[in-house]
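Please open the structure in your viewer and keep the selection panel at hand. The tour below goes from stop to stop, saying at each one what to select and what is there.

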Amino acid sequence: MEGVLRLREDAKKAGEPILRDKSFELLLETVKKFKPKKILEIGVNLGLSSIAMLLTEKGANLTGIEIDEEKIKLAKKNYCDFGVEDRAKIFAGDASEIIPVLTGEYDLIFLDGPKGHYYEYLPHLLSVLKSGGILFADNVLFRGYVGDKVKTPHRFATTKHSMENFLNAVSTDPQLKTEIFDIEDGVSITQKLQ
């Protein structure tokens with residue numbers, strides 16, 4: 001895991017949009033607690049969170065979705081460097097096109113893709129989330145705009161609205177149990193009850 005932490009520091013210095021430290025710790029705690037065998041990650045970037053999850057849960061396999069071809073190459077190289085390439089695969093393309101056609105069931109879904117699409121993705125993600133499974137979503141408080149802690153610039157209004165719809169949906173559905181963590185950019189952990 002030390003190598004992953006080093007690469008995370010390098011990525012931060014390079015300005016990569018990686019999962020922040022407290023949220024990263026919470027993700028790994030969630031993986032330790034629920035021991036998922038099948039993981040779906042939306043927004044792979046450099047593959048560092050994927051690797052950390054696979055190193056944390058040795059019996060897991062991961063499917064990722066990433067649109068950026070350069071990032072996919074780097075993620076695949078990182079998978080090889082950490083010896084998890086046989087347990088991780090990446091679908092290249094737009095998550096909005098891939099998510100609706102996913103099949104199978106996942107024990108844990110890590111949602112860290114385009115923020116304005118969380119609500120749109122939700123029904124599709126819930127349809128492939130196993131009963132008892134976990135949806136871990138990052139950036140749900142979106143820079144403090146969700147919940148009106150700070151005034152929302154016009155250009156972020158649509159994303160804010162989508163994220164509020166997402167949080168309302170996961171918080172009010174009786175089939176789901178959701179906890180929202182006001183750390184960094186906000187995290188929600190939703191368990192599908194049935």
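Predicted model: local features only at pLDDT ≥ 70, side-chain atom pairs only at ≥ 80, totals over all residues.

**Aromatic pairs**

How many aromatic pairs does a search of the whole structure find? The search finds 2 of them. For one of the pairs, select F110 and F136, whose rings are arranged edge-to-face, with 5.8 Å from centre to centre and 70° between the planes. F110 belongs to strand β4 (residues 106–111) and F136 to strand β5 (residues 129–138), so this pair ties together parts that are 26 residues apart in sequence. If you display the surface here, F110 is buried, with a relative accessible area of 1%, and F136 is buried too, with a relative accessible area of 0%.

Next, select Y118 and F166, whose ring centres are 5.5 Å apart and whose planes stand at 70°, so that this pair is edge-to-face. Here the link is between distant parts of the chain, since Y118 is in helix α6 (residues 118–128) and F166 is in helix α7 (residues 157–172), 48 residues apart. Both Y118 and F166 are buried.

**Charges over rings**

Now select R8 together with F24, and you will find the charged end of R8 over the ring of F24, at 3.9 Å from the ring centre. Then select K38 and Y106, where K38 lies over the face of the Y106 ring, 4.9 Å from its centre.

**Helix α2 against helix α3**

Two packed helices are described by the angle between their axes and the distance between the axes. Select helix α2 (residues 21–34) and helix α3 (residues 48–56), which pack at an angle of about 35° with their axes 9 Å apart. The crossing of α2 and α3 is right-handed. To see which residues make the contact, show the side chains of F24, L27, L28, V31 and K32 on α2, and of S49, A52, M53 and T56 on α3. Sorted by class, the contact of α2 with α3 has 6 nonpolar, 2 polar and 1 charged residues.

**S23 on helix α2**

Return to helix α2 and select S23, which counts as buried at 1% relative accessibility. Which residues does S23 contact, leaving aside its neighbours within four places in sequence? These contacts are with F136, D138, I183, E184 and V187.

**Two loop residues with positive phi**

Most residues other than glycine have a negative phi. Select K35, in the loop between α2 and β1 (38–42); although K35 is not a glycine, its phi is positive, at about 45°. For the last stop, select N45, in the loop between β1 and α3, which likewise is not a glycine and has a positive phi, of about 55°. N45 is buried, with a relative accessible area of 11%.

Key:
Residues numbered from 1 in each chain as written. Heavy atoms only, no water. Phe/Tyr/Trp six-rings, centres within 6.5 Å; stacked < 30°, edge-to-face > 60°. Helix = DSSP H or I, 4+ residues; strand = E, 2+ residues; numbered from the N terminus. Buried < 20%, exposed > 50% of the residue type's maximum accessible area, 1.4 Å probe, protein only. Lys NZ or Arg CZ within 6 Å of the ring centre and 35° of its normal. Axes fitted to C-alpha atoms, helices over the stretch in contact; angles between N-to-C directions. Left-handed = near helix turned anticlockwise from the far one by under 90°. Contact = heavy atoms within 4.5 Å. Nonpolar A, V, L, I, M, F, W, Y, C, P; charged D, E, K, R; others polar.
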